[in-house]
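The sequence and the model come next.

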Amino acid sequence: MTETPLISIVDDDDWIRGALEALVRSIGLAAHTFASAESFLRSSLVSETRCLILDVQMPGMTGLELQDHLAHLGFEIPIIFITAYPDETVKARALNGGAICFLHKPVELQGRRLVDCLHAALDRGKGPSPVT
């Protein structure tokens, strides 16, 4: 039996967290939400997280700071960044840091785009299948 991948959602907006959690669960994945980067880091779920949906701008530690911190700690969690304030410099930094996608709230969180990003993130860690 395979374990359902855990998607962690970090956003300071209650409504966005709830909507994303419902979407993730609707496609058969497990979801857990956090109101801040700090609460995610304090949780026991960091090492279990298969993909992180992460807001760019939050009080305290920002999404980009969390990305850097996780890399420094040795975690290679695929990240999907979301933002209501698109900025090309921030987007470039996020993608250069290894992010899978950089989506604009709320428009790109609807439809297939986020689901496609989730599948890309989950496929990233699988690697090639052995030939038998």
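In this predicted model, the side chains of Thr49 and Ser8 make a polar contact at 2.7 Å; a polar contact is a pair of N or O atoms within 3.5 Å, where within protein one must be able to donate a hydrogen and the other to accept it, and residues adjacent in sequence count only if both atoms are side-chain atoms. Local features need pLDDT of at least 70 and side-chain atom pairs pLDDT 80 or more, while totals for chains, interfaces and linings use all residues. Residues are numbered from 1 along each chain as its sequence is written, and side-chain values use heavy atoms, with hydrogens and water left out.

**Thr49 and its surroundings**

- Thr49 belongs to strand β3, residues 49-55; strands (E, at least two residues) and helices (H or I, at least four) are DSSP runs numbered from the N terminus.
- A polar atom of the Thr49 side chain also lies 2.7 Å from the backbone oxygen of Leu45.
- Thr49 has 7% relative accessibility and so counts as buried; buried means under 20% relative accessible area, exposed over 50%, and partly exposed in between, with a 1.4 Å probe and protein chains only.
- Leaving aside residues up to four places away in sequence, Thr49 touches Leu6, Ser8, Phe40 and Ile77, where contact means heavy atoms within 4.5 Å.
- Leu6 has Thr49 as its bridge partner in β3.

**The sheet**

- Five strands form an open sheet with parallel pairing, in the order β2-β1-β3-β4-β5; two strands pair if DSSP finds at least two bridges between them.
- Strands β2 (30-34) and β5 stand at the edges with a single partner strand each, so one side of each has no neighbour in the sheet.
- On average, and with direction ignored, neighbouring strands of this sheet are turned by 20 degrees against each other; axes are lines fitted to C-alpha atoms, for helices over the stretch in contact, and angles run from 0 to 180 degrees between N-to-C directions.
- β3 is largely enclosed by the rest of the structure, because six of its seven residues are buried.
- Five bridges join β1 (residues 6-10) and β3 in the parallel sense, and Ser8 stands opposite Leu52 in β3.
- Helix α1 (residues 14-26) packs on the sheet and touches β1, β2, β3 and β4 (79-83), its direction making about 170 degrees with that of β2.
- Helix α3 (residues 63-73) also packs on the sheet, touching β3 and β4, and its direction makes about 150 degrees with that of β3.
- β3 and β4 pair in the parallel sense over four bridges, with Leu54 opposite Phe81 in β4.
- The β-α-β crossover from β3 through α3 to β4 is right-handed: with the strands pointing away from the viewer, the path from the first strand over the helix to the second runs clockwise.

**Cysteines**

- The structure holds one disulfide, defined as a pair of cysteine sulfur atoms within 2.5 Å.
- The disulfide is formed by Cys101 and Cys117, with their sulfur atoms 2.1 Å apart.
- The link of Cys101 and Cys117 is left-handed, with -100 degrees about the S-S bond.
- Cys101 lies in strand β5 (residues 101-104) and Cys117 in helix α5 (residues 112-124), so the pair ties together parts 16 residues apart in sequence.
- Both Cys101 and Cys117 are buried.
- Cys51 counts as buried at 0% relative accessibility.
- The closest cysteine sulfur to that of Cys51 is in Cys101, at 8.6 Å, which is too far for a bond.
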